[in-house]
Amino acid sequence: MNHLIARSPVLRRMAGSLAMAMLLAGCNALAPVNPPIAKVDLDNGYRVNRLLKRTHEGVKNDPQTIFLLTFSGGGTRAAAFSYGVLEELRRTDIVVQGVQRNLLAEVDAIAGVSGGSFTALAYALYGDRLFTEYEPRFLKRDVQGTLTRRALNPLNWFNLGSGLYGRSELAADYYDEILFNGATFADLLKQPTPVTAVTGTDLSTGARFPFSQDHFDLLCSDLGTVRLARAAATSSAVPAVLSPVTYYNYGGNCGATMPAWVQDVTKPGGPERPAGRALLRYRDIQSFEDSRNRPYLHVVDGGVSDNLGLRGLLEALEELEASPNFQREVGLSSIQRIVVVVVNSRSAPATDWDRRARAPGILSQLLQSSSVPIDHFSYESVELLKDIAQRWADKRELEVAELRLSGKSRAEAEASVPKLRFDAIDVSFDAIEDPKERRYFMDLPTSFVLSEDEVDRLRALGGRLLRESPAYRELLQRIGGAPAKGAAAAQ
């Protein structure tokens, strides 16, 4: 073979080009390294809690309301469905402190997982430009087909075979090309957009891996240099289909301190029944700090630990209930309303398994055994959120009743107890009344390619289901708004 190459100018050029391509590919065979920090700086960095408080106290929206969105996983299906919800909020006008504005301007934070993380991160980066650029740059692009072709391209095999640059790194580089343009979390600090909380899952422990500097403090690392594209690739790194994304852990070497709620939930004589999720999160935090035994963290799809992006909020609410220190830190006493809109694009393709004697094949079993627990936990998470909302309302009524027994009037008692209303709004395919239409959306695949018609129908559905939600309509009545309608709602 060598003598044929030597005698043929064409083969010599081909061999030289291939060798150069492999050499250049080898230069990129290392995944990015998240850099260490010598000392924690609590006044800087992309810290979700601090940025949420800054946004909440700013002049741009109602300081007495915290408005949160959570976007589930589900590939392009989730990205398009959540985008439709953003569009609906944007075309819904309300009056805040005498000023008319759209309801999207009231959103303080967005949590995104897997497919939903793309919409959350892109809106954080683009702001209103999202509504002209997101469709052509991402939603209506064959992302999955391009990633497959690049993975099969021999010029990428050297990188992919290195063990240090997996399919998710290849995906992250592509997401930068088409959507994120190399932007990092430090770049988001310059944007007047809602705080964005994107999560992955620690493959070893199953713990949430949030992209917040508060979490990266535990790793003694700087989140500011992490590319948004890599965070999106991490959050959507479906196990086995895409590779885990590896982050370096330097924990225990930078003076990181525990969150304010830890002292309250772990001290002797604390709550009679410490919040279970808070204690579990405390255990996870301790494991992240052990960099001697865990110098590398391999992170996969956030949907493995929380497919709704809701678990972090549930943990925070339990931590607030259990920790007066945490309540003071977030300024809970000044808040009168918390609104949470859960955008759930869960699918459930129809099967005929229960009508056949023969059991499903191995692949079907594997897919079902991973999706069913995730779907059940997602349903439970929404119900837990509603339970917490009701518990907070019941607690306030109990405090008012106790004050009335002491001789105060109803008006005096209510004025003495901080008024905090909790609105939990669920937007999901389950709310579709027409069985045929519901089956259509439930059967849409979890992939990163859909037809233009499917994307358009998902966008329209996201807006429609939010608009039709009784809980949402009740919220708008209380805050002086009305659901978008007419031609504007149909666009």
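**A guided look at one predicted model**

Guide: Let's start with Tyr175. If we leave aside its neighbours within four places in sequence, Tyr175 is in contact with Phe118, Val143, Leu147, Phe180, Ala229, Ala233 and Ser236. Please keep in mind that this is a predicted model.

Visitor: Thanks! Which residues of the largest nonpolar core touch the most other members?

Guide: The general idea first: in soluble globular proteins, nonpolar side chains tend to be buried together. Here, the largest nonpolar core has 111 residues, and those touching the most other members are Leu89, Tyr134, Phe138, Tyr175, Phe180, Phe185 and Phe211.

Visitor: Is Cys220 buried or exposed?

Guide: The cut-off for buried is under 20% relative accessible area. Cys220 has 1% relative accessibility, so it counts as buried.

Visitor: How many disulfides does the structure hold, and which cysteines are joined?

Guide: There is one disulfide. It joins Cys220 to Cys254, with an S to S distance of 2.1 Å. Because Cys220 lies in the loop between helix 11 and helix 12, and Cys254 in the loop between strand 7 (245-248) and helix 13 (260-266), the pair ties together parts that are 34 residues apart in sequence. Both cysteines, Cys220 and Cys254, are buried.

Visitor: Why is this disulfide called left-handed?

Guide: Look along the S-S bond: the torsion about the bond of Cys220 and Cys254 is about -85 degrees, and therefore the disulfide is left-handed.

Visitor: You mentioned strand 7. Which residues lie on its covered face?

Guide: In a regular strand the side chains alternate between the two faces of the sheet. In strand 7, Val245 and Tyr247 form the covered face, while Thr246 and Tyr248 form the uncovered one.

Visitor: In which sense do strand 7 and strand 8 pair?

Guide: Strand 7 pairs with strand 8 (residues 296-300) in the antiparallel sense, over four bridges. To find the place in your view, look for Tyr248, which stands opposite Tyr296 in strand 8.

Terms used: Residues numbered from 1 in each chain as written. Predicted model: local features only at pLDDT ≥ 70, side-chain atom pairs only at ≥ 80, totals over all residues. Heavy atoms only, no water. Buried < 20%, exposed > 50% of the residue type's maximum accessible area, 1.4 Å probe, protein only. Core = buried A, V, L, I, M, F, W, Y, C linked by side-chain atoms within 4.5 Å. Contact = heavy atoms within 4.5 Å. Disulfide = S-S within 2.5 Å. Helix = DSSP H or I, 4+ residues; strand = E, 2+ residues; numbered from the N terminus. Pairing = 2+ DSSP bridges.
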